[in-house]
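Please look over the sequence and the model below.

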Amino acid sequence: MTKQEALQKMSDDIKLRGLAKSTYENYTRNVKKFLAFCNRPIEELDETDVRRFVQFLIDEGKYSLRTVNQHSTAIRFFFAVGLNRYMNYNQIPMMKIPKKLPDVLTREES
């Protein structure tokens, strides 16, 4: 399967699930970035490539934790649904997003 065929299958699967247009755009952009980073045939890609890509996103430093997770989620969808290939997702960790407590106003401030 070529990269273009795999991207088209992923696109079809997104539409069949009724996912949002923004999801389609984000997943497509993120997977294209991953494929360009790896620059290898799809058949040779595995968890190690995904880990290297996620590490690159983190090390580059311009991506937020949420953005790194969005890339990981898109790539997981691409492999699981678009390519129908099993991956050991324990080898592709998601970034922990710190929880932020809401600001509470005092009676005087409200």
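Lys 21 is exposed, with a relative accessible area of 63%. Here exposed means over 50% relative accessible area, buried means under 20%, and partly exposed lies in between (1.4 Å probe, protein chains only). Glu 25 is partly exposed at 38% relative accessibility. These two residues form a salt bridge, with 3.9 Å between the closest N and O atoms. A salt bridge is counted when a side-chain nitrogen of Lys or Arg is within 4 Å of a carboxyl oxygen of Asp or Glu. Both Lys 21 and Glu 25 lie in helix 2, 4 residues apart, which is about one turn of the helix. Helices (H or I, at least four residues) are DSSP runs, numbered from the N terminus.

The model is predicted: local features need pLDDT of at least 70 and side-chain atom pairs count only at pLDDT 80 or more, while totals for chains, interfaces and linings use all residues. Residues are numbered from 1 along each chain as its sequence is written, and side-chain values use heavy atoms, with hydrogens and water left out.

**Salt bridges**

By the rule above, the count is 6 salt bridges. The table lists some, including the one already described.

| Residue pair | Closest N to O distance |
|---|---|
| Lys 21 and Glu 25 | 3.9 Å |
| Arg 40 and Asp 49 | 2.8 Å |

Asp 49 and Arg 52 are 3 residues apart in helix 3 (residues 47-60), or about one helical turn. Salt bridges with shared partners join Arg 40, Glu 44, Asp 49 and Arg 52 into one network. Is Asp 49 buried or exposed? Asp 49 counts as buried, at 2% relative accessibility. Arg 40 is partly exposed, with a relative accessible area of 27%, and Arg 52 is partly exposed at 41%.

Apart from neighbours within four places in sequence, Asp 49 is in contact with Phe 34, Cys 38, Arg 40 and Glu 44. Contact means heavy atoms within 4.5 Å. The C-alpha atoms of Asp 49 and Ala 36 are 12 Å apart, and the two residues are separated by 13 residues along the chain.

**The nonpolar core**

In soluble globular proteins, nonpolar side chains tend to be buried together. In this model, the largest nonpolar core has 25 residues. Such a core is a set of buried Ala, Val, Leu, Ile, Met, Phe, Trp, Tyr and Cys residues joined through side-chain atoms within 4.5 Å. The residues with the most contacts inside the core are Met 10, Val 31, Phe 34, Leu 35, Val 50, Phe 78 and Phe 79. Helix 1 (3-16), helix 2, helix 3 and helix 4 each supply at least two residues of the core. Helix 4 gives the largest share, 7 residues.

Leu 35 touches Lys 3, Leu 7, Ile 42, Leu 45 and Phe 78, if residues up to four places away in sequence are not counted.

**Helix 2 and helix 4**

How do these two helices meet? The axes of helix 2 (residues 21-38) and helix 4 (residues 65-82) come within 9 Å and cross at roughly 85°. Helix 2 is therefore roughly perpendicular to helix 4, a term used for angles of 65 to 115 degrees. The axes are lines fitted to C-alpha atoms over the stretch in contact, and angles run from 0 to 180 degrees between N-to-C directions.

Among the residues in this contact are Tyr 27, Val 31 and Phe 34 from helix 2, and His 71, Ile 75 and Phe 78 from helix 4.

Technical notes: Angles under 35 degrees count as roughly parallel, over 145 as roughly antiparallel, 65 to 115 as roughly perpendicular and the rest as oblique.
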